[in-house]
Amino acid sequence: MQQPRVLNNQTVANLPATILKPSYDRSELTSGIVHVGVGGFHRSHEAFYTETYMNKTKDTRWGICGIGLREGDRKMQEILAEQDYLYTLMVKQPDGQSAVQVIGCVTDFILGCDSPLAVIDKMAHEDTQIVSLTITEGGYNFNPATGAFDFTNPDVQHDLANPDSPRLVFGYLAAALKRRMDSGETPFTVQSCDNIQHNGNMTRRMLLAYINAFDDVLAEWVADNVAFPNAMVDRITPATTAADIADVEALTGVQDKWPVTCEPFTQWVIEDTFSSERPRWEFCGAQFVSDVTPYETMKIRLLNASHTVLGVLGSLAGFNTINESIDDPLFCATICAFMDKEVTPVLAPVAGIDLTTYKETLISRFSNPNIKDSLTRICSESSSKVATFLVPTIQENVANKGSYDIGALVAAAWCYYSDTHKSHAGKPLEVIDVQAEQLQQAAVMTKQDGLAFIRQTEIFGNLAEQAAFTERYESYVSQFYAGTHVTELMRHIVAAVKPVTASTANA
């Protein structure tokens, strides 16, 4: 049987005319961007915007050199290298149609676990104008309860003792910026593309805390000269499946061993504060603003928190994907109630955004039957997601005597989920979380101490001390352990509210 042709520089030229390909000369690319964390989201978002910009302008200074810091990044590095760093982006429409594009802006991929100095060299190179990050919430190494940098992390202790062979991103950034300072060159911009409120401020604070531990002069130079623009990023990008790989091959006639799939919707709102030059991403849909706060708060508390609500509650009910969950009328009504009654009252106005329309768009996006975003992925690293996406809304509603029934239900359901690792029907639930063991221990203790799970202050802050919240939470927890199905509790909550977003709901 003939092996399929692999996507590379030779085969891309012969792709069907319907496939969008790089229109610039890839041989002229220089790496103006170094990106840490080359996963699906980066490839569907920042790389997509950069590719679109270069196709429009032929400005080839903005190639992206990928960086992987962990052994787990090796497979991606090997596949991209085999494919001359080309990959396909498949945008899946709700009507079942798919548009495939070949992305060519990635120029290289360096593994820090193999050669730390090669990564530092690349970041420090004069061509590098931006070092961007998608390292997930957990990669920022902060304590969610205190906001302080976690110096107890063994990798941090290693990096402080071994500055030329770091393990974490902060060690690499510090080493590369020190070279820029020592050479008298303009620093690069450090640009977070993660779902963290004020992600640039967070990156700056964590990096300065790390550098202050060993070099006051460098810390002062970074504080005075390096830009960390805050940004809001949005594009639902599920994990690539074997079916996706087969679909891409059928559409293109070549094999991409790791394509990326995503929804049509994309958004990027960025504060225009850069250390030096940047691509004109506004030419291709990015929005530059003076203050990203209201946009990121809206997105994190509506989209990301709703994902967490669907992920936890849907998993207990036995669903597998976001679209399966939202297609259920009760789950759709629950999400509408959550957005309307718990989130919207604590959101500040957002210039140019009609919140009712935005929420209706979210329901439509969640319902896309071709974006089968797995609940396992949504629930991965929930310790960071709950603390970032959900708890602040609960805290504000507790303080304002607002509604937090669904927030309390999710917290209780997550406790039960963390204890049993099973749905109500006995289906095993995979728990992917750096704190998985701690979560399960706290959940098990709930049988002796009803508040044990939410006493994890690094996740829940002071919610265990809020009597009104704990009364609601403990009631839900006890009902879960008594055998009450999650949908019975949801029906009771939804019956008490009339979500205004229901015009697009299935309920």
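Colleague: At what angle do helix H5 and helix H7 pack?
Modeller: This is a predicted model, where local features need pLDDT of at least 70 and side-chain atom pairs count only at pLDDT 80 or more, while totals for chains, interfaces and linings use all residues. Residues are numbered from 1 along each chain as its sequence is written, and side-chain values use heavy atoms, leaving out hydrogens and water. H5 covers residues 116-124 and H7 covers residues 169-183. Their axes, lines fitted to C-alpha atoms over the stretch in contact, lie 8 Å apart, and the packing angle is about 50 degrees.

Colleague: How are H7 and H8 oriented to each other?
Modeller: Helix H8 takes in residues 199-212, and its axis comes within 10 Å of that of H7, crossing at roughly 75 degrees. Angles of 65 to 115 degrees count as roughly perpendicular. H7 and H8 are therefore roughly perpendicular.

Colleague: Is Lys-341 buried, partly exposed or exposed?
Modeller: Lys-341 sits in helix H13, residues 329-343. Buried means under 20% relative accessible area and exposed over 50%, with partly exposed in between (1.4 Å probe, protein chains only). At 34%, Lys-341 is partly exposed.

Methods:
Axes fitted to C-alpha atoms, helices over the stretch in contact; angles between N-to-C directions. Helix = DSSP H or I, 4+ residues; strand = E, 2+ residues; numbered from the N terminus. Parallel < 35°, antiparallel > 145°, perpendicular 65-115°, else oblique.
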